[in-house]
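Dear colleague,

Please find below the structure that I am handing over to you. My notes on it follow.

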Amino acid sequence: MDILKAISSDRRYTLHSHTQFCDGHAPMQDFVEAAIAAGFTNYGFSPHSPVPIESPCNMSFDDVPRYLAEFARLKELYSVRINLYASMEIDYFGPDWGPSNEYFVNLPLDYRIGSVHFIKAKDGEIIDVDGSAERFKANMALHFGNDVRYVAETFFNSSVAMVEAGGFDIIGHFDKIAQNLSYYQPGVEDCSWYRSLVDDFVSLICSRKPIVEVNTKAKVLHGRIFPSERYLPRLIDAGVHIVVNSDAHEPRLIDASRDYVFDLIDRYETLSATRKNDCVAL
């Protein structure tokens, strides 16, 4: 992905944001102005992609041309002040809908983020598992029979299928299901069966080496980053390329908690290099 060259030595970027074209809370231009004020040199828009079901959080198919036209206008208007990029956060539903779908492959995007927000209920209905804890709890009873393990396994099975299908440049917040699951059943992340699911998925990432997003959106309100801090050392040891994204839905949050994550990465990279040097010395 060419954009990686631009951000490789400059941390003043974010590649994940949501504006008026999906569930963001301000126009695209407001985000650009905020990015410039924050000293960013690279900024990417990534509206939630169109999906083949009703979803109030996702961009409509009709809005795609308008989004791309507004991006082109802003890119020209701010060309001497900041580098802007057009993307989408593309929802993976299964073999017939995801980042590798021909519709998305043919869009003039600078990069594509692949994410899982929806999974199939036991009756086959597609359900959003990424909303509020209250809505998640209601959906657990209504659509999933309160079966925590089914939801976790379905989420990570879908994530595995998305990685294997490809078509994306960055994998978005790959264990975000942990937030709602943990509110619903505290301690679930420490269950052996859940740890096994995530460990297997991290192993897949370490072998395939897609670019991994560390998403800081939930740090301020929920004390979380995605993926969890516990998985960062493995990713770094494996040489997986990491980008740090704020996933901002408001201009004031475009840089929220990113320094915290960069400090973590610096610390783990130092430890990783030390371990490797110790092995060489042996």
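**Strands, crossovers and cysteines**

Threonine 14 stands opposite tyrosine 43 in strand β2. The model is a predicted one, in which local features need pLDDT of at least 70 and side-chain atom pairs count only at pLDDT 80 or more, while totals for chains, interfaces and linings use all residues. Residues are numbered from 1 along each chain as its sequence is written, and side-chain values use heavy atoms, with hydrogens and water left out.

Helices (H or I, at least four residues) and strands (E, at least two) are DSSP runs, numbered from the N terminus. Strands β1 (residues 13-14) and β2 run parallel and are joined by two bridges; two strands pair if DSSP finds at least two bridges between them. Together with helix α2 (residues 28-37), β1 and β2 form a right-handed β-α-β unit. Right-handed means that, with the strands pointing away from the viewer, the path from the first strand over the helix to the second runs clockwise.

Strand β2 is also parallel to strand β3 (residues 83-91), with four bridges between them. Here asparagine 42 faces asparagine 83 in β3. The chain passes from β2 through helix α3 (residues 63-77) to β3 in a right-handed β-α-β crossover.

Both faces of β2 (residues 42-45) are covered: Asn42 and Gly44 on one side, and Tyr43 and Phe45 on the other, are all buried. Buried means under 20% relative accessible area, exposed over 50%, and partly exposed in between (1.4 Å probe, protein chains only). Cysteine 22 is buried at 13% relative accessibility, whereas cysteine 191 is partly exposed at 24%.

A disulfide is a pair of cysteine sulfur atoms within 2.5 Å, and the count is zero. The cysteine sulfur closest to that of cysteine 22 belongs to cysteine 57 and lies 8.2 Å away, too far for a bond.

Yours sincerely
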